[in-house]
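Me: I'm new to this one. Could you walk me through it, one question at a time?

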Amino acid sequence: MLGVTLGNYSGVSSILVNPAMIANTKYYLDINLVSVDGFLRNNFAYIPASDASIYSLLGNGDLPTYGPDNDKNFTYYPNKELKSATLSAKVLGPSAMVQLGKHAFGLSTSAQVFSSGNRIPYEMPLFGYYGMDESSLQNINYIDYDIDASAAAWMNAGLSYAYVAYERFDQKITVGATIKYVWSYAGIYMESSNANYIVLNDSTINIKNLNGSAGYALPVDYADSDQIVDEPLFKGRGFGFDLGVVYVKKKTVDSERWNRLCSQEFDDYVYRIGVSILDLGSMNYKNNAELHDYENVAVYWQNYDTTSFTNIDQLTSDLSNLFYGDPNASYAGNKIIIGLPTAVSVQADYNIYKNFYAAGYWIHPIRFNSHTLRRPSQIAIVPRYESKYFEVNLPISVYEYKYPRVGLSARFWFFTIGTERLGTWLGISNLDGLDIYASIKFGFGKGDCRIRFKSACNDDNSLNKKKKRNNFNKNIVF
C-alpha cells in the first residue's frame, strides 16, 4: 500500500512500514476508519492479456479455456523455474495516532488472511494441470528440496509509540515500536526438506525418500470435515513486534517545542531515511491442533489413483499406515507454531521541490524456519505530488527482484485508491495476479488551529514563535 503508507499524510497508516514514522507526519491527529488491501501473485498459472481482462471477467464472467481437454480456465508459464504463490487480504480497522511534541502514540486494529507457497518444484503443478497420467512427466527421478506452503487467518490489536530521541540543529532521529496481540482463527503448514520420487504410471508412484511434516489448527471436526468447530473461536494466539528508526535532515533549525496539539509544526525535510523490522513474532496454536511428521519414509505405492478420503483423520491415518505400518505413528503432538511474515524494510524520501517528492522503498523477508509465513520481497521508487487535499503516487517497483511493475494511487482528501499493478487493470499484463487497495481516513494537520481552538492556540503567540525561529535560522551559517 505504497500510496497510503509512505507520504507525509500517511498518519497512522505509516506504522505498516515503520512505527517511528508516526512522529514524522503532517498530522498531529489521524483517524483511520477502514483501509483494505488485496494482493495475489503466482508464477505458474495465468490468463493471457489478449484473451481476457479483469473487466471482461467481471462483466460477463466467461473464462477462456485451455489444456488438452479444453477444460482448464488458465494456462501456465512453460519453464522449469521453482514456483511460488502469495495471497494476502488485509483490513486495517479503526485506528488512530496522536503526537504530543516529542512523543507520538498509536492504536491500531487489523485482520488478515495470508498464504504463501515457496520453492514449489515445476512438475508438481504440472501434475495437477495434466493429471498423473501425463506421459511426459512419468519415469523421471525427481529430487526436490526445501518445499513449503502455509496459510493463516488472524486479527490483532496493536499499541505504537514513537519518540524523538535526538534533535539538534537540522537533524532529528525518531525511534518507534509497536506491540501487537494476535488472535488466529486458523493456521496450516506443510513442509518437506527433501522429496525423492518417480511417477511410474497413472497408478504407481515410487517414493524413494521423504522428509516432511504437516501441522494444522482448523475450525473443522477432523473426523467429519463438514462439522464446524467454533469453540474456541480462535485456535491460536501470539504476539507481534515492529521496531523502527527514522533519521531526518530538516530544512530549518528549530529547537523550540510547541505546547498545543494544533500548533505543533511539521519539520519539513531535505530527506529522511528509515529502517524497520516488521511482524517479528509467531502464533501458537493449542486448540484443535495436530502435528504429523514423516521422517526418512519410503514406499512403493501401487493403485494410489483409487485412494479417496472423506475426512482429515482418515487422510492422516492412511498416510501414517502407508509409510509406517501404523495409523498413529505420524502423530507428533497437539501444538503447532506459525511465524508471522517477518521482514526488514528500508524507506527513504527526498523532497525534490516544494510538494514534489521521490521515495525509495525496500522490503525483504526474514524466515526463521519453513513454517514462517513468507512476505514477498519488493524494491520500489515512488515519485509523488502531495498536498492537503490531493496526492498522487506513481510506484515503479520490482517484485521478488525479478518482475517489474508500475502502479498508480490517488488521494482525494480522506479517500485513497491505488494499485501497484496498473498493467493488470489496463488489460496490458497477463492475469497472474492482482493488487488493489483503498483507504478512508481523516487527519488534522499540524499548525492548523481552527477558531474553536483559539484559546488554546493563540495566533499572536504562534506568530512570535515563528519569527523567533526564522530570526534564529538567519544567524546560523552552515
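This is a predicted model: local features need pLDDT of at least 70, side-chain atom pairs count only at pLDDT 80 or more; totals for chains, interfaces and linings use all residues.

Me: Is Tyr-130 buried or partly exposed?

Reply: Tyr-130 has a relative accessible area of 27%. Buried needs a value under 20%, and exposed one over 50%. The value for Tyr-130 falls in between, so the residue is partly exposed.

Me: And what about Tyr-76, buried or exposed?

Reply: For Tyr-76 the relative accessible area is 17%. The cut-off for buried is under 20%. So Tyr-76 counts as buried.

Me: What kind of aromatic pair do Tyr-76 and Tyr-130 form?

Reply: A pair of aromatic rings is described by the distance of the centres and the angle of the planes. The centres of Tyr-76 and Tyr-130 are 5.9 Å apart, with the planes at 85°. Planes over 60 degrees apart count as edge-to-face. So the pair of Tyr-76 and Tyr-130 is edge-to-face.

Me: How many residues apart in sequence are the parts that Tyr-76 and Tyr-129 tie together?

Reply: Tyr-76 and Tyr-129 pair up edge-to-face too, at 5.1 Å centre to centre and 70° between the planes. Tyr-76 sits in strand E3 and Tyr-129 in helix H3, so their pair links parts of the chain whose separation in sequence is 53 residues.

Me: Which element supplies the largest share of the largest nonpolar core?

Reply: This core has 27 residues, and Tyr-197, Ile-205, Ile-207 and Phe-323 touch the most other members. Helix H3 and strands E8, E9 and E14 each supply at least two of its residues. The largest share, 4 residues, comes from strand E14.

Me: How many residues does the other core have?

Reply: Another core lies apart from the largest one. Met-283, Ala-289, Leu-291 and Ile-336 are among its members. Its residues number 14.

Me: Which residues lining the largest cavity are the closest to its centre?

Reply: The structure holds 5 cavities of 30 Å³ or more, and the largest has a volume of about 730 Å³. Strand E6 gives the most to the lining of this cavity, with 5 residues. Of the 37 lining residues, the closest to the centre are Met-1, Asp-37, Lys-90, Gln-112 and Arg-375.

Me: Stepping back to the whole chain, what share of contacts between residues at least 6 apart joins residues at least 24 apart?

Reply: The chain has 478 residues, 48% of them buried, and its secondary structure comes to 6 helices and 25 strands. Its C-alpha trace spans about 90 × 50 × 40 Å along the principal axes. Among contacts between residues at least 6 apart in sequence, the share that joins residues at least 24 apart is 72%.

Conventions: Residues are numbered from 1 along each chain as its sequence is written. Side-chain values use heavy atoms; hydrogens and water are left out. A nonpolar core is a set of buried Ala, Val, Leu, Ile, Met, Phe, Trp, Tyr and Cys residues joined through side-chain atoms within 4.5 Å. Buried means under 20% relative accessible area, exposed over 50%, partly exposed in between (1.4 Å probe, protein chains only). Rings of Phe, Tyr and Trp (its six-membered ring) pair if their centres lie within 6.5 Å; planes under 30 degrees apart count as stacked, over 60 as edge-to-face and the rest as tilted. On a 1 Å grid over the protein atoms alone, a cavity is a set of points where a 1.4 Å probe fits but cannot get out, and a pocket is an open set with protein on both sides within 12 Å along at least five of seven lines; lining residues have an atom within 4 Å of a point. Grid points are joined across faces, edges and corners, and a volume is the space filled by probe spheres set on the points. Contact means heavy atoms within 4.5 Å.
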